[in-house]
Amino acid sequence: GEVTSPYVVLRLYDVRTKTQTREEFSKIEERRTDTVQDNGFCPQWPDAKEFSFKVESAGVAMLLFEIVHSDEGFIDDKMCRAGIPVRCLRQGLRSVQFYDRNSQQGSFAFARLLVSVEMEQHIPWK
């Protein structure tokens with residue numbers, strides 16, 4: 001069997017509205033951790049970066065966590081994922097449960113990612 005070298009991709013799906021025209025369009029932002037070499041059972045990111053996103057429409061925005069296996073020389077394999085509505089996020093340490101591509105826990109029943117969530121509300125100047 002092959003040893004997994006995972007990294008995490010965070011993707012924010014959001015909707016932005018132009019105030020002058022009331023035109024809506026989708027907005028996708030993406031961040032990625034470094035790869036943890038040969039440690040798929042208990043990977044840790046000791047030099048983890050803080051990722052921040054600017055959410056335009058918290059009522060519809062989704063944050064997707066995706067665990068990907070870095071397959072040097074080949075296409076990276078998407079292993080599991082979890083999508084969380086931004087309005088359901090709470091501050092503090094959170095455990096994110098992962099699912100396979102069929103939205104089943106299956107072999108990922110015990111796969112979790114411990115994340116620290118901090119939120120700030122910005123009020124625009126008028």
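Which residues does K49 touch, not counting residues up to four places away in sequence? I started my notebook with that one, and the answer is R32 and D34. A reminder to myself before going on: this is a predicted model.

**Entry 1: K49 and its loop**

I looked up where K49 sits and found it in the loop between strand 2, residues 23–32, and strand 3.

**Entry 2: T33**

I stayed in the loop between strand 2 and strand 3, where T33 also has its place. Is T33 buried or exposed? T33 is buried, because its relative accessible area is 14% and the cut-off for buried is under 20%. I then listed its contacts, leaving out residues up to four places away in sequence, and got Y7, V8, W45 and F51. The side chains of T33 and W45 are joined by a polar contact of 3.3 Å. A polar atom of the T33 side chain also lies 2.9 Å from the backbone nitrogen of V8.

**Entry 3: the chain as a whole**

I stepped back to see the fold. The chain has six strands and zero helices, so I wrote the order of elements from the N terminus as β-β-β-β-β-β. The C-alpha trace spans about 55 × 30 × 25 Å along its principal axes. Of the 126 residues, 29% count as buried. I looked at contacts between residues at least 6 apart in sequence, and 49% of them join residues at least 24 apart.

For the surface, I noted that the chain exposes about 9600 Å², with carbon and sulfur atoms supplying 51% of that area. I went through the charges too: there are 17 positive and 19 negative side chains. The centres of the two sets lie 10 Å apart.

**Entry 4: the nonpolar core**

Which residues touch the most other members of the largest nonpolar core? They are F65, V96, F98, L113 and V115, out of 18 residues in that core. At least two core residues come from each of strand 1 (6–18), strand 3 (62–69), strand 4 (77–85) and strand 6 (112–117). In soluble globular proteins, nonpolar side chains tend to be buried together.

Beyond its neighbours within four places in sequence, F98 is in contact with F65, E66, I67, C80, R81, A82, Q105, F108, A111, R112 and L113. E66 in that list made me curious, so I gave E66 an entry of its own, since at 2% relative accessibility it counts as buried.

**Entry 5: E66**

E66 has its place in strand 3. Apart from its neighbours within four places in sequence, E66 is in contact with Y7, V8, V9, R11, K78, C80, R81 and F98. What joins the side chains of E66 and R81? I found a polar contact of 3.5 Å between them. One more distance for the page: E66 and R32 are 34 residues apart in sequence, yet 9.5 Å apart in space, C-alpha to C-alpha. R32 is also one of the residues that K49 touches, which brings me back to my opening question.

Key:
Residues are numbered from 1 along each chain as its sequence is written. This is a predicted model: local features need pLDDT of at least 70, side-chain atom pairs count only at pLDDT 80 or more; totals for chains, interfaces and linings use all residues. Side-chain values use heavy atoms; hydrogens and water are left out. A nonpolar core is a set of buried Ala, Val, Leu, Ile, Met, Phe, Trp, Tyr and Cys residues joined through side-chain atoms within 4.5 Å. Buried means under 20% relative accessible area, exposed over 50%, partly exposed in between (1.4 Å probe, protein chains only). Helices (H or I, at least four residues) and strands (E, at least two) are DSSP runs, numbered from the N terminus. Contact means heavy atoms within 4.5 Å. A polar contact is a pair of N or O atoms within 3.5 Å; within protein, one must be able to donate a hydrogen and the other to accept it, and residues adjacent in sequence count only if both atoms are side-chain atoms. Accessible areas come from the Shrake-Rupley method with a 1.4 Å probe; for residues, only the protein chains shown count as cover. Lys and Arg count as positive and Asp and Glu as negative; His and the chain ends are not counted. The place of a charge is taken as NZ of Lys, CZ of Arg, CG of Asp or CD of Glu.
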